[in-house]
Amino acid sequence: MSLVKLDNVVMEFELGTFLSKTRIRAVDRVSIDIGRGEIYGLVGESGSGKSTLGRVSLRLYKPTKGRVIFDGIDITDLPEGKLRKLRKRMQLIPQDPFSSINPLQTIGEALIEPLLVHVDISREEAIEKAKEILEEVGLTPAEEFLTRKPHQLSGGQLQRVAIARAMLLKPDYIVADEPTSNLDASIRASIVKLILEFQRRFNQALLFISHDIALVSLIASRIGVMYLGQLVEEGPAKSIIREPLHPYTKALISAIPLSEELGVERVVLKGEIGNIANPPKGCRLHPRCPFAMDICRREEPPMIEVTPGRKVKCWLYVKR
Amino acid sequence: MLIVEDLYVKYYTRRGTVSAVSGVSFTMQKGEMLAVVGESGSGKSTLALTIMRLLPRNAVVERGRILLDGIDVLKLSEDEMRRIRGSKVSMVLQDPFTTLDPLRRVIDQFIEFLMEHGLDRRSAEKLALEALESVGIPKTLAYSYPHQLSGGQKQRVAIAMAIALKPSLVIADEPTTALDVVVQKQIMDLIDTIKRGGTSVMLITHDIALAIERADRIMVMYGGEVMEIADKGTIMSRPLHPYTQGLLASIPRLGSDKIPESIPGYPPDLRNPPKGCVFHPRCPYADERCRSIKPQLIEVEKGHWVKCHRVVKA
Amino acid sequence: MNINPYTGIGLAIILAFVLMALLADIIAPYSPTEASGNVLEPPSIHHIMGTDNLGRDVFSRIVFGSRTILMVVFLAVAISGALGTILGLLTGYVGGAIDRVISFIMDSIYAFPSLILAIALSVALGPNPLNAAIAIALTYVPTYFRMIRGQVLSIKSEGFVEMAKALGLPTTRIIFRHIFPHLIPTLAVVFSMNSADAVLTEAALSFLGLTVQPPTPDWGFDLYKGRGFILAGAWWMLAFPGGMITLLAIGFALLSEGISQSHAVKSFE
């Protein structure tokens, strides 16, 4: 049974002033579900809507259409006051470690604050717990880190604090939004491993959002690929990497340095991801796609299930 | 073509002196692509700025020599340097969004740059359009404002400006980091064609996989020092420095089942660098010697230089 | 710690006037409301700022007059600051329809020339110091509101605010513990800048007789009376109250300049 279920989610934002408003559809009819203990990798370039989708799943944004189901509860229309009680079961690990902690707070204050709000414990007990978790994420001596301010820590250390804070409440669901993309290569893997450690320990559902399909393929059991607000391919990680179906997925894999050793068909796309405010008609990839046919320019392809659990949104795979 | 000898650069900050580049020596041949690989704080960007003579005011070149086509760059006056910048050595920056003035048309900025190097307006405009076309920017876009361009297109404009005057060296400082993966590939392909045109390219990057895919030779920097230099085949098949080995192990490999390895610890504080080998606090093989004596950069086989006590000259 | 010279001089001027107001009974040599010499005496050892048309000591009236102006100014700035800040915080964070309505009201107030609005309000409320303070306060609320709302909108998009929400912290806690502390430096600048402006507005209201009833000493009103005797050569009735108003306004202006400079330096580092 799935823990998190997004059903046909649409997320629109209004931009501009009172008189000249434009609506931007950042996420367009996306459905995914993530099981307890499952790692789901969400891949796409910036502007694909992957981070927005992650935030909708946490109900940080209220979707314009569609439903968000968490552990059987429809949380789509839940008011913030009621949501707050559920929030300790779902947490976010953000992309930018430098802005994720209030610069005026100490690390200790940042860690105990959610505990004091959600759990009925004393300040002293909260500090003890904060120390324990700091040690678990490898920030020792913990006492020293408790009194430090965020600007005294490196990016990697801050990301460990962010993970510690998310895991303190032992959540069931984690959204990790590009947790390593602002970090140096040599420490990225350690951050990923830290997240996976907690994921296994608490049997969490993990939505791992990244532009790095190589990294995602190593940790996720299933992968979803997004392009301009839509889910264009979904399936088991191994089969997505070995036999990508959608031209966009093929291009993503081709773009990775040293990927030729894998033997995937090389696909190079023209141009750049379009403007989400004004997506192309028909298939959204067609202006860039080397395989574009007439129908691609006219009609949006349906999401079809090629084999059980393996879906793709492309006319090339529609039997007619 | 480019010779850097025993270069030391320090930043004087309120919170102490930062040894950003320490004892860096290397050479570059005409028409080759050298990748300078390192993490933030490795000194790779400072090295680039020193060659361009664009260091901030609080930086001081303590020692060393930079010879570009026989010219001692560090001895040039500000005026002479200005003439060389853009014509003999040019730079492509990481962030294409800050390179261009948002209030002026692309072509006007390009023409102004060329006129500063002695061209008249007519020939400047002609050359600018040619250069832009060669990087895939059509005439219509040349006469638009920067905000009408995408990130990749802006980076193309930056590259066009860098190569317009046919410099012998182009320094590309993380030219694709701010771009999306698919566009990264397009831009790197473009840089490849520049190199094939005979221009030397110094590719500064944190991504060793990108370096291996694109460069001829690779120089690995850490803590302001050169750890290893070799051609890319050697780096891939016989990396000798533990740091290079660590970087290679940190690449997520498609189709493998293993999560990449990371190097324990954090980059050094260069206000107060570690004694001995600058990498020893993170090195799995560090012993007493590494903690006390700084190793020398030695040539272990032809063209393969390593700075590590564990490596002995063959 | 280094104190910015502007901050230092500004604070010194303001503190001097505050002390003057607190210790008026000790400092003033004569009663401010009773004659202590001949009429229109020029400055001398007995009356260092001369006497007015009723023979009252001008210096003593200045000293006691500082109480009126400081009280009105501080009260006005405190009321407008509190109101504007709270409204700005709430509407900036919550957004939506409330934001649009309150922003519209604030913009309407802001569109009025503030001095004319203050005059109209104090005429409507009746001439006394408290009403003058309320009138001035109301004209300043939009200044705080707009500034605070703008800052809240930008801080709201910071990662740590989103994280606070994701962690399930209560909204009031997010607003007052995570957003408000970041506004304090800007608030300090606007506070002192508005005080400088309020000094001038208060003086203008007094000049029109909308703050105090005679014979209560008051700089603006004294300035108004002095105006009638300038042709008689009694420059001191005009120069001293006017000079004091200017000096106090400069004090606040210097303070705001100093704070904004040191804050700019701090964020630059």
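In this predicted model, 19 residues of chain A are in contact with 14 residues of chain C (contact means that the C-beta atoms of two residues, placed from the backbone, lie within 7 Å). The model counts local features from a pLDDT of at least 70 and side-chain atom pairs only at pLDDT 80 or more, while totals for chains, interfaces and linings use all residues. Residues are numbered from 1 along each chain as its sequence is written, and chains are lettered from A and ligands numbered from 1 in the order in which they are written.

On the side of chain A that touches chain C, α2 (80-87), β6 (90-93) and α3 (107-118) each supply at least two residues. Helices (H or I, at least four residues) and strands (E, at least two) are DSSP runs, numbered from the N terminus. The most comes from α3(A), with four residues. By type, this side of chain A has eight nonpolar, five polar and six charged residues. Here Ala, Val, Leu, Ile, Met, Phe, Trp, Tyr, Cys and Pro count as nonpolar, Asp, Glu, Lys and Arg as charged, and the others, Gly among them, as polar.

Chain A also meets chain B. There, 31 residues of chain B are in contact with 34 residues of chain A. On the chain B side, α8(B) gives the most, with five residues.

Angles run from 0 to 180 degrees between N-to-C directions, and axes are lines fitted to C-alpha atoms, for helices over the stretch in contact. Those strands belong to an open sheet of eight, in the order β6-β7-β8-β3-β9-β10-β12-β11 (chain B), with mixed pairing. Two strands pair if DSSP finds at least two bridges between them. β6 (89-92) and β11 (297-301) of chain B stand at the edges with a single partner strand each, so one side of each has no neighbour in the sheet. Inside the sheet, six bridges join β9(B) to β10(B), which run antiparallel. B:Arg217 stands opposite B:Asp231 in β10(B).

Now turn to chain C. Helices α1 (residues 5-22) and α3 (residues 58-94) of chain C pack at about 110°, with their axes 8 Å apart. α1(C) and α3(C) are therefore roughly perpendicular (angles of 65 to 115 degrees; under 35 is roughly parallel, over 145 roughly antiparallel, and the rest oblique). Among the residues that meet are C:Phe17 in α1(C) and C:Leu70 in α3(C).
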